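Please look over the sequence and the model below before reading on. The report then starts with a pair of strands and ends with the chain as a whole.

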Amino acid sequence: MDQNKSNADRVDELNYLLENKKISELSDLLSRTNPIDIVECFEDLSAEEALVLFRLLKKEDAAEVFAQLNQTDKEKLQEVLNDDEFRDLLEDLNFDDMIDTLEEMPATMVQQILKSSDSQTRDLVNEYLQFPEDSAGSLMTTEFVEVSADMTVEETLALLEDVGKDKVTVYTCYVTDPTHKLLGYVSLRMVVTREPDTKLSELLYEDVIYVYTTDDQEDVAHTFQKYGFTALPVVDNTNRLVGIITVDDIIWIIEQEATEDFQRMAGTTPEEEDYSRMSAWSLAKNRIPWLMFLMISGAFTSTILKRYEDVIQTVIALNMFIPMLTGSGGNAGSQASTLVIRAMATHDIQPSDWVKVVLKEVTVGLICGAALAIVAFLKCYFFDKVAINVALVVSLTILAIVVIAKAIGSLLPIVAEKFGADPAIMASPLITTIVDSLGLIVYFNIAQAILPGLGI
């Protein structure tokens, strides 16, 4: 808590010194401030103020700060930095951060930057820019330690001393053959605790987990979560090592994927920008299509009510329980869909498990529905003072609706996954709309089946 308060105070002090143009004190404070905390200072600055602050940073801090900025603040700096400054900044960035920056820039500007780069860098950048946006290839960096199996511990340590400062991690050395095919890896701990003349082939761990350049970033995130890695090698379709993905990049992907799922589950189009930075129009534009679809879908409810108009007019009391029934069904379906979507996201269940999942949710629905039905019957009969047969209709409908909602809520996300759609779209708003319509049909059919037989 104190540390968080200290960081906030330091950010306020940085802003104060910048506003009052106390450059010497500002430069000194920047040198003692974590680059991640400095990022917070850029959010409300003008382009000119951001430039002043950025030019006062140490070279290595400037690269780290720029890599952590959101796209809006990056563009703000790009506009005011001269070409040489910006080119030097890109060269100081980690390779994966440089690719991320170039991907967001206009094509003409990227071409100008690449023209002044050496041919090897230019070819490598062009290759990386061709990977699909959400693939492992777009996340990886080339800044890893590559060694051969016939190297000794002494030679490996000398290599690490020579190139280690330019790599994103030295804790794992990847062993390849002369064609760069991945053979395995050795950890830094193994290297520093063995005799100098020990060959890496004796320390090699061959059961290496890797991903392909074309693998989806969500699958890569699951691999990190499953094995607890800090870095993961990436190979091409011939098993040649072409890069690694580090855990700091994948944490951001996990957050991004979770955010997208929540947005879809809320019935809105996923938004790439932070909520606080989006205008009301942008937010509304992403929500209108879903709201329109759900409104039109909800029109079926009025059609169903019209069809059973005679039943409603015969027993007016049925009408007063419709909100309770549809609400219970929507809530039950949302519970099931949310839990199933999450279980699928964590790979706890697969589409092939659909029978087991639906049966489990139907069982849950019977238990929950029975409990709700008992309470509903007592409420209707003793509190609302309706006839016992009407209370029976309501309680049986509650039971049926909850079971149906659980089954639909668990099945639809699996169906979406099976057909290549995001399961998160089959979430609360859509499930509620479907269950509302089916619930009314069940309600009035049960009423028709029971009430006439009791003389009403």
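## A pair of strands

Two strands are said to pair if DSSP finds at least two bridges between them, and strands themselves are DSSP runs (E, at least two residues), as helices are (H or I, at least four), each numbered from the N terminus. In this predicted model, strand 1 (residues 145–148) and strand 2 (residues 172–176) pair in the parallel sense over 4 bridges, and Val 145 stands opposite Cys 173 in strand 2.

Strand 1 has a covered face, made by Val 145 and Val 147, and an uncovered one, made by Glu 146 and Ser 148. In a regular strand, side chains alternate between the two faces of the sheet.

## Two crossing helices

The axes (lines fitted to C-alpha atoms over the stretch in contact, with angles from 0 to 180 degrees between N-to-C directions) of helix 4 (residues 47–55) and helix 6 (residues 71–80) come within 9 Å and cross at roughly 85 degrees. Helix 4 is therefore roughly perpendicular to helix 6, a term for angles of 65 to 115 degrees.

Ala 47, Ala 50, Leu 51, Phe 54 and Arg 55 in helix 4 meet Lys 76, Leu 77 and Val 80 in helix 6, where contact means heavy atoms within 4.5 Å.

## The whole chain

The protein chain has 22 helices and 6 strands, and buried residues (under 20% relative accessible area, 1.4 Å probe, protein chains only) make up 42% of its 456 residues.

## Basis of the values

Residues are numbered from 1 along each chain as its sequence is written, and side-chain values use heavy atoms, leaving out hydrogens and water. Local features need pLDDT of at least 70 and side-chain atom pairs count only at pLDDT 80 or more, whereas totals for chains, interfaces and linings use all residues.

How values were computed
Parallel < 35°, antiparallel > 145°, perpendicular 65-115°, else oblique. Buried < 20%, exposed > 50% of the residue type's maximum accessible area, 1.4 Å probe, protein only.
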